[in-house]
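Subject: Structure handover

Hello,

Here is the structure I said I would pass on.

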Amino acid sequence: MRGLFTYTYAFSYLFRSIPELRKVKKLPADMPAKEKDEAIFAMPKHWARGVVRQSGSTVRVINEDRMPEGPALLVANHQGNFDILALLGHLQKPFGFISKIEMEKWPVVKGWMNAIHSVFIDRTDKRQAVRALNGAIDNLKNGHSMLIFPEGTRSKSSDLLPFKPGSFRLAVKAGVPIVPVAIDGSYKVMEQNDGKIKPADIYLNVCHPINPSEYADRKLPELSAEAESKIKEAIDELKVIQEN
């Protein structure tokens, strides 16, 4: 029953948000990026928090004071379907993210994702993928933070899959900080239960950013390895917190 209530809430809220989506589309084009993003992000944040709450889960964020001002590339590990909900609902910094192109089939979801400057990528179409990634770089240059999952897919556990270095090109091309964010516990909501929704405690740990001045002369695999190492250490830190 918990799963039914969670899905019902998620989809009914989205449809009720259509009038608000129309409003945010009419915000002035010359509105400062930070102010505009915060205005647009309010509804997705409220929705994500509500879905997590309906699942019976909780989210705890630590070290968010490490998050830099201005646009940044957020780099997170990917444990499960609730990762985006935890991040959207509980990080203070607004961000768009890179999503698989299948999400374009959901009109209201697509509308909100476009509003928060997400991009859709078709990994089977190299030219489209390049255009999408260039769009993400433009978003960063224009002051909008972006989120990537460099593992490329859900690990469905607390273990990390190998990071793909190519996604770090977004930060290098845009000249913005890279902020690793560790997630732990999200896989326990669905993936651990064969897709059934059960309550879990989700933790987010914001790592120290890797600033442009630190990575100017470094290669993408080095950046990827550093971000992966930071996230591994941050997950270990979260496990200590959970044990105490």
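Which residues in H2 meet which residues in H5? Ile18, Glu20, Leu21 and Val24 in H2 meet Val108, Gly111, Trp112 and Ala115 in H5, where contact means heavy atoms within 4.5 Å. By class, this contact has 6 nonpolar, 1 polar and 1 charged residues; Ala, Val, Leu, Ile, Met, Phe, Trp, Tyr, Cys and Pro count as nonpolar, Asp, Glu, Lys and Arg as charged, and the others, Gly among them, as polar.

Please note that this is a predicted model, in which local features need pLDDT of at least 70 and side-chain atom pairs count only at pLDDT 80 or more, while totals for chains, interfaces and linings use all residues. Residues are numbered from 1 along each chain as its sequence is written, and side-chain values use heavy atoms, with hydrogens and water left out.

Helix packing

Two packed helices are described by the angle between their axes and the distance between the axes. Helices here are DSSP runs (H or I, at least four residues), numbered from the N terminus. Axes are lines fitted to C-alpha atoms over the stretch in contact, and angles run from 0 to 180 degrees between N-to-C directions.

Helix H2 (residues 18-25) packs against helix H5 (residues 107-115) at an angle of about 30°, with the axes 11 Å apart. H2 and H5 are therefore roughly parallel to each other (under 35 degrees; over 145 is roughly antiparallel, 65 to 115 roughly perpendicular and the rest oblique). Their crossing is left-handed, a term for a near helix turned anticlockwise from the far one by less than a right angle, with clockwise being right-handed.

For helix H3 (residues 33-54) and helix H4 (residues 83-90), the angle is about 125° and the axes are 7 Å apart. That makes H3 oblique to H4. H3 passes H4 in a left-handed crossing. The contact of H3 with H4 has 8 nonpolar, 2 polar and 2 charged residues.

The axes of helix H1 (residues 2-16) and H3 come within 9 Å and cross at roughly 165°. That makes H1 roughly antiparallel to H3. The crossing of H1 and H3 is right-handed.

On a 1 Å grid over the protein atoms alone, a cavity is a set of points where a 1.4 Å probe fits but cannot get out, and a pocket is an open set with protein on both sides within 12 Å along at least five of seven lines; lining residues have an atom within 4 Å of a point. Grid points are joined across faces, edges and corners, and a volume is the space filled by probe spheres set on the points.

The count comes to 1 cavity of 30 Å³ or more. The largest cavity has a volume of about 40 Å³, and its lining includes Asp37, Phe41, Pro94 and His117. That lining divides into 4 nonpolar, 4 polar and 1 charged.

The second largest pocket holds about 280 Å³ of space. Of its 16 lining residues, Lys34, Glu69, Gly70, Lys93 and Pro94 lie nearest its centre.

Regards

Methods:
Helices (H or I, at least four residues) and strands (E, at least two) are DSSP runs, numbered from the N terminus.
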